[in-house]
Each structure stands twice: as C-alpha cells, then as structure tokens.
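Hello,

Here is the structure I promised to pass on to you. Have a look at it first, and then read on for my notes.

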Amino acid sequence: MSITSADLAIETVRLKIWYGDNMVIKGINLKIPKNVVFALMGPSGCGKSTLLRAFNRLLELRENTRVEGEVRLFGKNIYREDVDPIEIRKDVGMVFQYPNPFPHLTIYDNVAIGVKLNGLVKNREELDKRVEWALKKAALWDEVKDRLRDYPANLSGGQRQRLVIARALAMKPKVLLMDEPTANVDPVGTKKIEELLFELKQDYTIVLVTHSPAQAARISDHVAFLYLGEIIEVGPTRKVFENPEHELTEKYVTGALG
Amino acid sequence: MRDRLKLILFPAVIFVFVLFALMLGVYFYNSMPIFHREGLDIYLKNIWNAAEEAEKEYYGILAAIWGSVYTSLVALIIALPLATAYSIFVVDYSPKKLKNILIILSDVMAGLPTIIYGIWGVFVLAPLLRRYIMQPLHDHFSFIPFFSYPPLSGFSYFSAGVLLGIMVTPFASAIIREAYQMIPFTYREAAYSLGTTKLEATKILLGYIRPAIYSGTILAFGRAVGETAAVSLIIGNTFNLTLALFAPGYTISSLIANQFGNAFIYSYMTSALFAAGLALFVIGLAVNILGIHMLRRWERNVKL
Amino acid sequence: MSSYDYSTRKIKEKAFLLIVAFLTFTMFIPLFHIFLTVFIRGFPVLAENGTKFITGTFQDGGIGPAILGTLMLVVLASLLGLPVALLVGIYAYEYPRSNIGKITKAILQIMLEFPTILVGIFVMQILVFPMGSYSALAGALSLAIIMMPYIAVYTTEALRQIPFTYREAAFGMGLTRIKVVFRILIPMAKRGILTGVLIGIAKVAGETAPLLFTAGGAYQTYYQGITKPVGAIPLLIYQLIQSPSNEYHEIAWGASLVLLIIFLALFIPVRLSLKEVKL
C-alpha cells in the first residue's frame, strides 16, 4: 500500500523537541494515515507522550519546551507563525492517561462544556442532541442516560475514561489523540475502550500512545516503535510484530526490553 | 497581544505594584524632614522632646526600638518551648481525633481578634502577673537588674512580652508542626529501626527539622514586632531604655498608635513617627525574608 | 542491654510524654481563660441590656453603630479588595515564572506580613488628610489593603491544587486561556478561593490598628455616609479600655463577647470545612 500526502492525517518533518537543553525528540519523520488506529509504542521515558502533545501544541503549557521542524495536520504546518493553537485543538481531541472528567461538572456538563464554550451549537436543544450523540458514540449513553445530572465521581475508571472520550468527540474533531487511555482502567474497562476504538476509526484518525506492545498488537493498524526519542521502526502492525526489521524492535515486542 | 487574559489581569497587578511603591514612597517621603534635621539620631538616641517651637523639638526612638526587640524576645522564650512541645505531641503522640481538635484550637488562637487578647491582657493577665510573678520576684531578687524595677501597675515589658508570647505561639506552632509532619516516613522508620524509644527518636528528628524551628522562630518574631493594639494597651507607653522587665515601655508600633493621632500639632513629630514606621517596616521585612528563605531552603532539601 | 538500662529509658520516655503533654495543655490555657472571662464578664452586660445592647446607640447603652460599622467596613473593604485580590491571585498562578509574576508573589508575601498599623497611617496620609476627615472609606481602604494579599495568596494556592491534567484537558478542548481560567479552573477551585475570602474577612473584621487613624469612630449615630467617620467593634473596645470609667469597661467586655461570637461564627465553619489554613 502506498501512501500519498493527501491521505495523511498527520505528518512530521524533522521534528525535534527540547525540554530545556535536553533533546527528547530527535528529528522524527512520521506519516500517520487517515482513519486508522496508529499506535506509538515504546518503553516509558522514550518521548511518546511528548510527541503526542506536539500534535495539538499542548506542549506549550509546559515551561521550557522548544519545537523545531514541522507537524502537518492534513497538510498544514501547525507550527507556522500565523497558526492559532486554539483553532488546532478544536480539530484534535485528546484523551489522557488519568481519566480526568472535570469533577465539579455533571456528566452532562462534562460533555457539553467544550461545545458550549466554543459556541458550536445554537441552542439548548441542539446541545442536548450533541451530548446524547457523543455519549452514544462513546458507548456510555446506556449506562448514564438516567443520571446525566450526577457527578463523575460515582463512575468507574473505565466509565470516566469513556466520558472523557465523549467530551472529546462532542467537539466533532478529526483526530483523536490518546495518551495511554487504559493505563488507569481495570481490565474489563480496558476491553470496552479497546472495542470502542475499533468503532471510532471509521470516522476518526486515532493516535494512541501505549507502553504495552500487546495492546498495540491488539488494536492498531499501524505502529511506530519509539526509543530514546527516535523512531526505530514504523509500519503496518502485523508486519512490525511478525517480521521486525530491527533487533531492538524484536526485543521490545517479545518483552525482552524495558 | 494574543494573550487576552494577561490584558484583563494586568491592570490589577499594576495597581498592586503602584500601591506598594506608593506605600514605600509615602514612608520615605514623610521620613525625610526628620532625617535632614537629625540624621540617624532619630534611631540612635533615646529622647522625645515634643515642643511647640520647632527649634526645640527633638526625637530619638531608640527606647521604642529596644522595646520592640525586648518584648519580642520575651515572647519567643515563651512561644518556642510551647510550640515545639505542641508539635511533638500533635504529630507523635496524640490520637487522630484529639489531633484535629488541637490543630483547630491552635488556628482559632492564631486568628482570634487581637483586641480580645488586649482586653484580657489589661484586665486579667497584667494584674495576675503583677501579683503572682512580678511582685514576688521583685521582693526577693531586686538585686538582679531584670527584676529591679518595682512593678507598680503591671503594665510593663514583661506583661507585653508574655501576652505577645501567647499570641504568637500558635503561629510558630503551625510552622514547626508542618515541618515536623513533613519529615519523610522513611526517616522515622530509620530512627525507630535503631531500637530507639520515642524520646530518642524525637531527639533525632528534631535535629532534622532544626532549620525549620529557627525559621518558625524568626517568623514569629516578625509577627510579634508588628503587633500593635494589644501591646499598646499593656506596655505602659513610657520611654524607658532599660533591661528592667517590670518597667513600662514603648514598642515602635505602640509609639505610633499612641502618638500619631496628635502628631500633626508639632512640626516634626509626624516625620519622626514615619521614620519609626520605616524602621518597623525594615525590621519586619528583613526578618520575614530571612525566615521564609530559610524555610524554603529547608523544604527543598526535605523533598529531595 | 541490661534490663535496668531499659527501664530507665522507659521512665525517661514516660517523663518526656508528660512534659510534652503538659506544655501542650499549657499552651491552650490562655485561650480557654479568654473564652471563659469574655463570657463571664460579657454575658451579664448583654443580658442586662438585652437586644438594646446589640441595636442601641451608645447613649442607650448599646453598641449598634459599632456592629453596623464593622459590617459596613467589611463589605466596603471586600468591594475594594476582592476584585483586585482575585485578579492578582490568578496572575501569580498563571505566570509564576515570568519576572512580573515573581515580583507579584514577593510583594504579596511582604504585604501579608506588613504590620497593620503601617497600613493605617499610610491611609491617613493619603486619604484622611486630603479629605480633612476620618471616614468609612478610609477605614475600608485600610482593611482592603490588609485583606487583599490574603485572598490573593489563597486564590493562587487553590488554583495550584488543581492537578495539571485538568489544565491539559481544558486547553486540549481548544479553549482560550480566558475561558480555561474563568470557566473551568476558577469554578474548580471555588471552594478554596471562597475559604480564602472568608478567612480574609474574618481577619479584617477583628482588626484594630489599621482603623485607629482612619475610621475615626462614631457610636452615637448610625450610618452617616461613606465619607463620614464610622465605628467598629474592635476600635470601640480599644477606646473603652483606655477610659478610666468602670462602666465603659463593662461595655467593652460586652462588645468583646459580641466580637468573639462573630469571629467564631465566621471562622469555625470555614475551618471545619478544610484541612489547613494559613494565618
């Protein structure tokens, strides 16, 4: 399968990222096609979470970070001077390692808040519809439809994470970034979220960070193996797992590394 | 500017900067006349000549500076052992329920309006101290300079120091207790694993938080120096440059509280009092910077 | 280790516990003595004068104007100090590493420990002299200056308690910084901020020194306008203590009881609702 630029959701060009004087991403060229689950895997500290946060410029929340090179979102370099990161983030939803629905907002408001504050709907009725749609899309609707006015504190870890997914989906993004979304979720919840990703890739491009090769093998179409800030190997998941080109990759997927 | 939040917040920040600069400016500007006239005599002499003719006016607040330092030292002598014992008891010995109550009580004590300490100090504490401590000590030990002054009214450096001690104890307690609680559990384990009793372990751990105790002491000193209402009611308001604990005196803040209201009658008294305020500010600032700096440095070390 | 040695250690340990417990107990004797005395001396005054003590003017044997004055000063001080405090507190949280942010934090810390009498004579100089009179406005300005750093520091702290991941989540939704702060983070921290506001209010409601040369005191009449002198409970107590009259001292005790009740009513609920306070 050959990939042309038009089919790409995200493309990085000679991307380098520093924390202070410490280079953590060392010149990465990565192509992420549309409508796939793309896994970034690697041992902890390899820079995968950092790389993910370069895709929606969330890196800028941290002090002392510096980015060089390009990140192209559907062909457009988001690090150009005239690009407003706020506009980028509306198109790129994010799900975090720790399930972080806002504790002071109800389940309904958690899904509605981004839509409301960004003025994406015209009236209450539309908002209701959007919330219901997002919760259904996140496979959470049936579990919470009778308690939309409850606070997320009473939800399980897996439910909370799906609520965060619904919060992101409600904005109708094109890309969904997921930073180890099942790291703090129990096995049953993990299974549900993994099944959900299968559904979601019909409509979205999903970039998933994981430290578990097994998870990458289960749910991704493409995978990149990141080690000490560099891409060691990238390709279709089956190929990388069954026929790795690089010794390090082989060690990693068989569990002999970190 | 893209960051519109900054635009919203900035006026308030500028306002605070200006206010702060204005406060310093007012103090310096109004102190100038007395500095021009007397130089450093205002701080180095003990003299208070308020006269209708400006030529005869002369002011030196040394006694008040002394009073501030002296009463605060007495306060610390009282506050330090109490605050340390409290911290040990709360952290090491007290059951959880009692612990919460003790912490809340200490906070109530720290927040209690100072005028309530004042009224209690004037009508209860000072007479008690005079009768049961000052008078007996003076009767038997008047050859010691500290006790040489006859406690006529009970309003004295000593009473003010004791009252201040009571008032700043909860403040020092909070700092020392927090430091004591912050000791990583592994050090506690290490101390006990050597087969120590609680007393011995406590000794080791107290050594560990010594810098925090020092900074708590320094910050409590800062508090004591700045306290006004209660002290000015109980200190006797007299210029008295003496070691005698039972003599009435002045502190810088009580001097200002007492004299500022009618200072405008004289040509230089307002300026003298602003110079006194400036001294109070500088002492407070130096003490606080030192205390906070020490505490921060210690906290950073602990977290490593 | 001989058994003798061990038992001496045990005895020492017991003695140490006794001393520590005794000193801790000693620390609180004054507090209870104060509560007791204020109640014993204040209650008869209140009982004798009845509601008149709370509502009446001074010639009717009441401290009504002082209570109203304290209320007025606190409200006015909050109006002046609160908006500034919140905005500055947010600034110190949002830009902690910028130079202005660092200076802001340092100034707040200095102002927090500023002897309050110094604030009083500052306001006298810039407001009372130019206006030619003590006033409620001057008193309130003093209290606002004292209250401001408390509330600002509490605001910064309350915001800092929010885990970073929520900040990421808020920005991740494509919100502007203004919306992130005012619509997500502030509502999240509202409990901590409210605590700071209440602590700040409790603190200034009991202040005496900054009112000495600003509020002026007025106890025969109720509200006369914000440019006119006003009374306050702590100020009244301060002035009554200094009078030679025993009758006035009685009123001072009664006023102290009222002040103590107001303080405890404000402070205790706030204190119980949270783990730590900074005073």
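This is a predicted model: local features need pLDDT of at least 70, side-chain atom pairs count only at pLDDT 80 or more; totals for chains, interfaces and linings use all residues.

Let me start with chain A. Its secondary structure comes to 10 helices and 10 strands. The C-alpha trace of chain A spans about 55 × 45 × 35 Å along its principal axes. For 258 residues, a compact globule would have a radius of gyration near 18 Å, and chain A agrees with that, having 18 Å. Of those 258 residues, 43% count as buried. If you take the contacts in chain A between residues at least 6 apart in sequence, 69% of them join residues at least 24 apart.

Two asparagines in chain A deserve a look at their backbone. Asn35(A) sits in the loop between strand E2 (22–33) and strand E3 (37–41), and its phi is near 50 degrees, a positive value in a residue other than glycine. With 15 other C-beta atoms within 10 Å, Asn35(A) falls between the two limits and is therefore partly exposed. Asn64(A) belongs to the loop between helix H1 (48–54) and strand E4 (65–73) of chain A, and has a positive phi near 65 degrees. Asn64(A) has 10 other C-beta atoms within 10 Å, so it is exposed.

Now to how the chains meet. Which pair has the most contacts among the 2 pairs of chains that touch? It is chains B and C. Chain A and chain B do not touch, and their nearest C-alpha atoms are 9 Å apart.

The contact between chains C and B takes 62 residues from chain C and 61 residues from chain B. On the chain C side, the elements that give two or more residues include helix H1 (3–49), helix H4 (99–112) and helix H11 (246–272). H1(C) provides the largest share of that side, 17 residues. By class, the side of chain C that touches chain B has 44 nonpolar, 10 polar and 8 charged residues.

The crossing of H1(B) past H4(C) is left-handed. Val13(B), Val16(B), Phe17(B) and Phe20(B) make the contact from H1(B), with Ile100(C), Thr104(C), Ile107(C) and Met111(C) from H4(C). These residues divide into 7 nonpolar, 1 polar and no charged.

The contact between chains A and C takes 18 residues from chain A and 17 residues from chain C. On the chain A side, helix H2 (85–91) and helix H3 (107–117) are the elements that give two or more residues, and H2(A) gives the most, with 4 residues. That side has 9 nonpolar, 5 polar and 4 charged residues.

Finally, helix H7 (residues 164–172) of chain C has several buried residues, among them Tyr166(C), Glu168(C) and Phe171(C). The buried residues of H7(C) pack against H2 and strand E6 (92–95) of chain A, together with H8 of chain C. Just after H7(C), Gly174(C) takes a positive phi of about 80 degrees.

Best wishes

Terms used. Residues are numbered from 1 along each chain as its sequence is written. Chains are lettered from A and ligands numbered from 1 in the order in which they are written. Two residues are in contact if their C-beta atoms, placed from the backbone, lie within 7 Å. Ala, Val, Leu, Ile, Met, Phe, Trp, Tyr, Cys and Pro count as nonpolar, Asp, Glu, Lys and Arg as charged, and the others, Gly among them, as polar. A crossing is left-handed if the near helix is turned anticlockwise from the far one by less than a right angle, and right-handed if clockwise. A residue is buried if 20 or more other C-beta atoms lie within 10 Å of its own, exposed if 12 or fewer, and partly exposed in between; C-beta atoms are placed from the backbone. The radius of gyration is taken over C-alpha atoms; the globule rule is 2.2 Å times the number of residues to the power 0.38.
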